[in-house]
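Have the sequence and the model open as you read.

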Amino acid sequence: MKVAIDTFGCGHGRTGLGSYLDSLTARLKNQDDCTFKLFGPEIDRYTYGQENGLEFSSVKIPEGAKWEKLWHLTSANSFLKKHKYDVALYTAAARFLPLTFKVPGVAVVNDVLSEVFTVDGSSRTFGQKISIEALKNVDRIIAASRYIQNDLVRFGIKIEKITVIHNGIDHKLFYPRNFSSSDLVDIKPFAIKRPYFIYASRLSSSAKRHVELIKAFSLFKEKTHLPHRLVLAGSDGEYSDDVHKAAFLSHFASDIFMTGFFPHESFPELYSASSGCIFPAENEGVGLPVLEAMASGIPVACSRSGALSEIAGNVALYFDSENIEQMAAAFEAFAQDSDMRKDLVANGLEHAKEFNWQSTAEKTIAVLKEVCGK
């Protein structure tokens, strides 16, 4: 079985999808009956699969989403046929996918489509309509959670063609670390003052609830006068202006620290040194940060919305992300209730062990073989 893996749309390793693809390809090894080869922009040649010596085919087209989408619609099938692939894995399938499939295709969906597409179709763009039709036509879909699976069904995609495979955690990277009594955590290029709470998410939409979290943090500070800070770790996005404004207007602006883009490999230290992860996002489809936080040995409080209750199970402190008082209470509990912290940390560490990239890779290969009839 010769497998082609699409790297288009994965941000050259600097996005969530890029992290997914990097972690997945690190567990894929060529064998006599199964070989893997990546294709995409030349810049990705040295981004994915290098540790396993996976080959890479460069696709020479102009840079930009418009050209990449057009190539998938007009040229992907002939490219795959020319290279005699048996099956293709499309990593950013919500954005880049052929409309029809001359070579069997497996689409990976880590996105909640209803966040960006209308469900009833009344105001979908032409490109969105094409994307949905492509997902209906692909041979199989791998969804990162049952929440994403159910979301896809709302768009008319048959549940029978969707397989749920949760993302994994790199336990060699995410594990508890011991810190000295120093007040500063030196994570280049930052030196962050402890104690602090952490929320890791791109500033991409109001559904991430950054503004509400800032208000809850301010309420917590007003009530307790504790020295804790709030660290928002994530790249700027479409919602950045609103978040920066909310932080600036807070009476505790000096205690709110925004990192901007933060390297994935540096997150374990950032998590481990914190007093807890507060994750208020709604419509979260993957929920990987809450698992990474648990694996790093810190307590997690999060919204019940989206896939978070599915991913975090019964080992997180839950709140309504529209309820500022409930979020403020989570800050207070993590700062002052040591028994709760100990229980959440111990249970979270055990729960996180259930998620690993080797299992994700093995389940993905099984789907690829099933599609190929191997």
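Are F217 and F331 buried or exposed? Both F217 and F331 are buried. Keep in mind that this is a predicted model.

**Aromatic pairs**

Across the whole structure, a search finds 16 aromatic pairs. One of them joins F174 and Y271, and it counts as tilted because the ring planes stand at 50° with the centres 6.2 Å apart. This pair links distant parts of the chain: F174 sits in the loop between β7 (162-164) and β8, whereas Y271 belongs to helix α8 (residues 267-272), 97 residues apart. F174 is buried, at a relative accessible area of 1%, and Y271 is also buried, at 1% relative accessibility.

The rings of F217 and F331 form an edge-to-face pair, since their planes are at 65°. F217 is in helix α6 (residues 210-224) and F331 in helix α11 (residues 324-336), so the pair ties together parts 114 residues apart in sequence. Elsewhere, F8, F39, W71 and F79 make up one aromatic cluster.

**Charges over rings**

| Charged residue | Ring | Distance to ring centre |
|---|---|---|
| K2 | Y85 | 5.0 Å |
| R177 | Y175 | 3.9 Å |

**A hairpin**

Strand β8 (residues 184-187) pairs with β9 in the antiparallel sense over four bridges, and the hairpin they form has two residues between the strands. I187 has F190 in β9 as its bridge partner.

Conventions: Residues numbered from 1 in each chain as written. Predicted model: local features only at pLDDT ≥ 70, side-chain atom pairs only at ≥ 80, totals over all residues. Heavy atoms only, no water. Pairing = 2+ DSSP bridges. Phe/Tyr/Trp six-rings, centres within 6.5 Å; stacked < 30°, edge-to-face > 60°. Buried < 20%, exposed > 50% of the residue type's maximum accessible area, 1.4 Å probe, protein only. Lys NZ or Arg CZ within 6 Å of the ring centre and 35° of its normal.
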